[in-house]
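This briefing sets out how the chains of one structure are built.

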Amino acid sequence: MATWKKLIVPIVITPILLLLAYGFKTNPRQVPSPLVGNSAPPFALSSFDGGTTGLEQLRGTAIVLNFWASWCFPACFEEAPALEAAWRAYKDRGVMVLGVDIQDREADAKAFIERFKLSFPNGPDPQGRMSIDYGVYGVPETFFINREGTIHYKHVGALTKQMLQGKIEEML
Amino acid sequence: MISTLGRFTMALALGIALYGAIVSILGARRRKPALIESGRGAVFAVFGLATFAVLLMEAALVGRDFSIQYVARNASLGTPLLYTVIAMWGALEGSILLWIWILAFMSLLAVVIEGKRNREAMPYATGVLLSISAFFLFLAAFPANPFTAIFPPPADGRGPNPLLQNHPLMAIHPPCLYAGYVGWSVPYAFAMAALMTGRLGEEWIRTVRRWSIVAWGFLTVGVILGGWWSYEVLGWGGYWAWDPVENASLLPWLTGTAFLHSIMIQERRKMLKVWNLALIITTFALTIFGTFLTRSGILSSVHAFSESTIGPLFLAFIGVILLVSFGFLVYRSDGLKAEGDLDSLVSRETAFLMNNLLLLGFAFAVLLGTLFPLISEAVRGVKVSVGEPFFNKVNVPIGLVLIFLMAIGPLIAWRRASLDSLRRNFSLPLLLAFLGTGVSSILGVRGLYPLLAFSLAMFAAATVIQEFARGVRARRQISGEGYLTALSNLTRRSRRRYGGLIVHLGVVLVVIGITASTVFRLEKEVSLKRGESMHLGRYQVRFDDLTAWQEAHRFVVQGTFTVLNANRQVAEMRPSKRFYPSEQQPIGTVDVRSTPREDLYLILSSFTQDGASATLKVLIRPLVMWIWIGGAVMALGALVAIWPDRRVLAAEPVKERVAWQPGRS
């Protein structure tokens, strides 16, 4: 049998496999947010426990702004403990973690906060103003806003402890 | 309990499949009947375990056992029973379980039906089938285990994706499609058995003929039902969007169709041996590729399952299939020399060869368009998407030539067609085609492609009908049978031929439906106040009312519209929007009024809170129904072609007894 015949199989098949393997590195659904690198849209958040805060008051603080909902199972359930842990680890180092509960019932949201013992401020987004300003497409989505008020990074989907730590460290 | 039992079942089935694959091939190589028998037993055991696993999963779903993660994610207390039962194929893990079961069932059928006729090939084919089973069982036992437990169990589950609990077609589209994909495993297994044993004659072709038609039939129905589901549920008025996953189901259909035709040449003329093996390997690999696309998340698609870790495993599996199969093919290529030769350019062989090249060209264009976003990102770093214009531009002309070949292929003679036979077979259809073109152009069809589509469809239909008419007339003259008796006897005498012709007629209907619904489509979007009307085509649509209510698992807002045709009320239609608690976007539910002449398609786009006005999108799509009817006709043709022949079945055991007792013959 001619050598070229033996070689033709791997020569034809390998590039196809490599191309498909390359596909794992890409995320077709990821459309870069135009907000990244620009100043964060101003917001005011009234938390469920009565406090209020906003972008103006938090200038000089790095913010982790997390959009969630109590019905967003499993992603929001997975990341809630990570957010709480990050809040506890970094709250004394000039980092604020804020939760924005969107399209939700208040009772369900409070039960969610209770379930995961969340101690960082969480508040509703009554008219969906914040979701619209931040171009929130689904939950969970998280914006990392640096001390200058610029959006440093946007993450879609559940966060992990390592990722939170890495992105927060980058902002400090 | 169910979780433990389920996981144990999957692991056990995996072990048995692996064992069976090894002993089957070992037994065949060393000629040890005990090992072969043991491998055969493994097929039965895997089927039993797969059936048990499916029943377990259904018990968990119907019993709303939310301690199983899959149930918690895909069922809920408020989900109706039907959608709870079919939630088994609503997400990744369950769909793999369904896949496993269908494969186990097909393997069982193959072993039972073909075991006696193919004593030499069967153990190898069993080994291949069990290896494929083992791969899917591995997925189900480890990375995509449907029986993974969740602790503590939630009080209620999330329920299936709303799009998947909106239409009963969801109950049959995925199983048909899977049967269409999985079905190709059997022909592939026998092709591999032929390569392994080195018996490269026509035996394997004769064995897989019927299996291929079964797989092809299911795939056809699966693809068409997918279009129908998309048309009825997704609410954009279309049935085919060249979405990667739709393309993935079309690819094996195209290569499989090529295979069904080219094996006829090998049977008749002992040509194209390598080509046929390559085609079946490609078709099988494409079925796995389709599954890979849906489950790996490498391309953006409406069908994508949640991203999971099984993508790399699938890719490795595809790599192994391609390298091993084509490796064997190259290794055996010396034994695959053609024994026949092409005699003339005007012959059925040539028509079939052209048909094969065009189907492959079609498939290549679809594959290229599907993968182009990936190629572009890899090579240039630019994200692009390839849409309808590309696919239509490339594939419409190819499709038209294919219809032409479909019309002449079955009537042209093998080897060399004489001018006289061409004239006899094609003058009447050609005349009808010209007449048809004239009529469609009078009816307002414009443009080269639509006109060609209609005239070629007419030509193809005329050849098929002429063929049936001639056969019936001949029988009537000889035996004096009635028309229907003659038709049924004719078909029964040569099922494959007439089954194939029926399939071609189905294709013609599909082509006519697609062309008419694309060329003559009308659409309009308007806001209406209560009592106001809008006009489109022959219809007047009046907005009567808007109502809303809460159901167990969703909130529904429904508009009521009266449809009038020439001031006579013809229908009351109720498109709605459904709000599911777990989704941000409401799910639009269209209302379609189908008639053989045209579909009226109503979409409720939006409404004001007080219900005083509503925005309505109205579409008229002529002859859409004929696409679904055409699909049914194609399935019917496939059924006719595979229907067991009583005479052959009765004759077979006798043949075998004779073979074992030579003294008697």
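Chain A of this predicted model contains 5 helices and 7 strands. In sequence order, these elements follow the pattern α-β-β-β-α-β-α-β-α-β-β-α.

**Overall shape of chain A**

- The C-alpha trace of chain A spans about 80 × 35 × 30 Å along its principal axes.
- The radius of gyration of chain A is 21 Å, whereas a compact globule of 172 residues would have one near 16 Å.
- Of the 172 residues in chain A, 29% are buried.

- Chain A has an open sheet of 5 strands in the order β5-β4-β3-β6-β7, and its pairing is mixed.
- Strands β5 (122–124) and β7 (151–156) of chain A each have a single partner strand, so they stand at the edges and one side of each is left without a neighbour in the sheet.
- On average, neighbouring strands of this sheet are turned by 20 degrees against each other, direction ignored.
- Strand β6 (residues 141–145) of chain A runs antiparallel to β7(A), and 5 bridges join the two.
- Opposite I145(A) stands I151(A), which belongs to β7(A).
- In general, the strands of a sheet pair through backbone hydrogen bonds, in either a parallel or an antiparallel manner.

**Helix α2 of chain A**

- Helix α2 (residues 75–90) of chain A lies across β3 (62–68) and β4 (95–101) of chain A, and runs at about 150 degrees to β4(A).
- At 1.5 Å a residue, the 16 residues of α2(A) should span 22 Å, which agrees with the 22 Å between its end C-alpha atoms.
- The buried residues in α2(A) are C76(A), E79(A), A80(A), L83(A), A86(A), W87(A) and Y90(A).
- An α-helix has 3.6 residues a turn, so residues three or four places apart point the same way.
- The cover over the buried residues of α2(A) includes β3, β4 and α5 (161–171) of chain A.

- Residue A109(A) is part of helix α3 (residues 106–115) of chain A.
- Is A109(A) buried or exposed? A109(A) is buried, because 21 other C-beta atoms lie within 10 Å, and the cut-off for a buried residue is 20 or more.
- Apart from its neighbours within four places in sequence, A109(A) is in contact with F48(A), S70(A), D101(A), D104(A) and P124(A).
- Y134(A) is 25 residues from A109(A) along the chain, and their C-alpha atoms are separated by 21 Å.

**Chain B: domains and sheet**

- Chain B is divided into domain 1 (1–153) and domain 2 (522–625).
- The centres of domain 1 and domain 2 of chain B, taken over C-alpha atoms, are separated by 44 Å.
- In chain B, 4 strands form an open sheet in the order β1-β10-β9-β8, with antiparallel pairing.
- Strands β1 (522–529) and β8 (591–594) of chain B are the edge strands, and each pairs on one side only.
- Strand β8(B) runs antiparallel to strand β9 (residues 598–607) of chain B and is joined to it by 4 bridges.
- The bridge partner of V592(B) in β9(B) is Y601(B).

Technical notes
Residues numbered from 1 in each chain as written. Chains lettered and ligands numbered in written order. Predicted model: local features only at pLDDT ≥ 70, side-chain atom pairs only at ≥ 80, totals over all residues. Domains from an automatic or database assignment. Pairing = 2+ DSSP bridges. Axes fitted to C-alpha atoms, helices over the stretch in contact; angles between N-to-C directions. Contact = placed C-beta atoms within 7 Å. Buried ≥ 20, exposed ≤ 12 C-beta atoms within 10 Å, placed from the backbone. Expected span 1.5 Å × (residues − 1). Rg over C-alpha atoms; globule rule 2.2 N^0.38 Å.
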